[in-house]
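Biologist: I would like to go through this protein with you, term by term. Could you show me the chain and then tell me what stands behind each label?

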Amino acid sequence: MFDRYDAGEQAVLVHIFFSQDKDMEDLQEFETLASSAGVEALQVVTGSRKAPHPKYFVGEGKAEEIADAVKATGASVVLFNHALTPGQERNLERLCECRVIDRTGLILDIFAQRARTHEGKLQVELAQLRHLATRLVRGWTHLERQKGGIGLRGPGETQLETDRRLLRNRISQIMSRLERVEKQREQGRQSRNKADIATVSLVGYTNAGKSTLFNLITQADVYAANQLFATLDPTLRRIDVTDVGEVVLADTVGFIRHLPHDLIAAFKATLQETRQAALLLHVIDAADVRVDENINAVDIVLDEIEAREIPTLLVMNKIDMLDDFVPRIDRDVENRPVRVWLSAQSGQGVHLLFQALTERLSSEIAQFDLRLPPNEGRLRSRFYQLQAIEKEWNEEDGSIGMQVRMPAVDWRRLCKQVPSLVNYIIS
């Protein structure tokens, strides 16, 4: 379909610093990202700029340097640690005579390699098609005109228009399939709510140790490796938590700085497990020098998927890589656990995590007696949808009495949507 150069596994990496403080960790993460994609970095080209160049992203001199590096090393692909416009990619490909891929394309390629389930493959394909939709023109530079002549009169649209139409059709097909998957997931969530089973979702920066911790807690056999985006497809397992009972633990895809928006949109069904959780376990690599930046990057993605209001317990992992560090629980002024220090690799401190889960989950359930006026039928229906009604009765004045029990996050969300709800609580 595309008139492109064949992409190989040997590459020239390009990273540009846009501030006076050279963030070498960002470059190291990019090299790890390339390695995770199975790429051998033959040469790394770096430079500094105040702002991206409109034609090549880098300056013309630096673009020539990249082209020379490609010829000297025999690399078949150039990887940029930045988001490029379709025009910049096209200009660089013409100059370097090889394929040029930006950070978004690289992450999409890693996701395509890691996807195992049917749902995961659909989500990756959706993200790739959305990314590709803006880059079709470079694939058909020789076919931009309408066909003409005897036997060549087409349907009145250029090849480019035909491809865009086919692309739109495929995107709508995938979205339709993903909607069906989301309905199936929603049914599973509703049945768990009905059985009063809370969901705890593992979130965190990629390679923070979520899958290793998940395997340790659940005795599962989820693929875990010291590489970026080792986990792509979500996995659910049931665990027993003292004084709480059965809890569903969800292992999710890791986040990263500048995570492509197309990916966040495509993985909406998967990330729904995070949005509906009663508690988030934010797993953090405590030995990483960029702890604060990694936490901030995860918080940005949680904001984008509207999950920041969900109660969160920080899990400071990999303490076995710190000098003389003892597992412990940090508490807030109300004596609630807010941070657990442990090592998923060695198992140190995991019992403290279960202790913290017991304390946090037992306090994250809202239980109230309500008296709803007769005209609040819609609110009553909402409680039924949330499967939160434990008991219901009719009062003499025509109002409806009910005992509700639901995750505290759902109660807070409902109070925001219906501010008068607090007036119906029976003291």
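**Labels and what stands behind them**

Modeller: Let me begin with a turn: the hairpin of β13 and β14 has 5 residues between the strands, and G398 there takes a positive phi near 95 degrees. This is a predicted model, in which local features need pLDDT of at least 70 and side-chain atom pairs count only at pLDDT 80 or more, while totals for chains, interfaces and linings use all residues. Residues are numbered from 1 along each chain as its sequence is written, and side-chain values use heavy atoms, with hydrogens and water left out.

Biologist: What makes β13 and β14 a strand pair?

Modeller: Strands here are DSSP runs of E with at least two residues, and helices are runs of H or I with at least four, numbered from the N terminus. Two strands pair if DSSP finds at least two bridges between them. Strand β13 (residues 389–394) and β14 have 5 bridges in the antiparallel sense, so they meet that definition. One example is E392, whose bridge partner in β14 is M402.

Biologist: And how do you know that β12 pairs with β14?

Modeller: By the bridges again: 8 of them join β12 (residues 365–372) to β14 (residues 400–407), and these strands run antiparallel. A366 stands opposite M406 in β14.

Biologist: Why is F80 called buried?

Modeller: Buried means under 20% relative accessible area, exposed means over 50%, and partly exposed is in between (1.4 Å probe, protein chains only). F80 has a relative accessible area of 0%, so F80 is buried. F57 counts as buried because its relative accessibility is 6%. Across the 427 residues of the protein chain, 48% count as buried.

Biologist: Why is the pair of F57 and F80 called edge-to-face?

Modeller: Rings of Phe, Tyr and Trp (its six-membered ring) pair if their centres lie within 6.5 Å; planes under 30 degrees apart count as stacked, over 60 as edge-to-face and the rest as tilted. By this rule the count comes to 4 aromatic pairs. The ring centres of F57 and F80 are 6.2 Å apart and their planes are at 85 degrees, so the pair is edge-to-face. This pair links distant parts of the chain, 23 residues apart, with F57 in the loop between β2 (40–48) and α2 (60–73) and F80 in strand β3. Ring pairs also link F18, F57 and F80 into a cluster.

Biologist: What makes the pair of F325 and W341 tilted?

Modeller: The angle does: their planes are at 35 degrees and their centres 4.8 Å apart, so the pair is tilted. F325 lies in the loop between β9 (312–317) and β10 (328–331) and W341 in strand β11 (residues 337–341), so the pair ties together parts that are 16 residues apart in sequence. F325 is partly exposed because its relative accessible area is 24%, whereas W341, at 13%, counts as buried.

Biologist: What makes a group of residues a nonpolar core?

Modeller: A nonpolar core is a set of buried Ala, Val, Leu, Ile, Met, Phe, Trp, Tyr and Cys residues joined through side-chain atoms within 4.5 Å. The largest one has 34 residues, of which L79, F255 and L302 touch the most other members. The elements giving two or more residues to this core are β1 (10–17), α1 (24–36), β3 (77–80), α4 (103–114) and α11 (291–304). This core draws at least three residues from each of domain 1 (10–101) and domain 2 (196–361), with bounds that come from an automatic or database domain assignment. A second, separate core of 25 residues includes V200, L249, L281 and I329.

Biologist: How do you know that I329 is buried, and what is I329 in contact with?

Modeller: I329, in strand β10, has a relative accessible area of 18%, so I329 is buried. Contact means heavy atoms within 4.5 Å. Leaving aside neighbours within four places in sequence, I329 is in contact with P337, R339, V340, L352, Q355 and A356.

Biologist: What sets the phi of K318 and N207 apart?

Modeller: Most residues other than glycine have a negative phi. Phi of K318 is near 65 degrees, a positive value, and phi of N207 is near 70 degrees, also positive. K318 is in the loop between β9 and β10 and counts as buried because its relative accessibility is 16%. N207, in the loop between β5 (198–204) and α8 (210–218), is partly exposed, with a relative accessible area of 23%.
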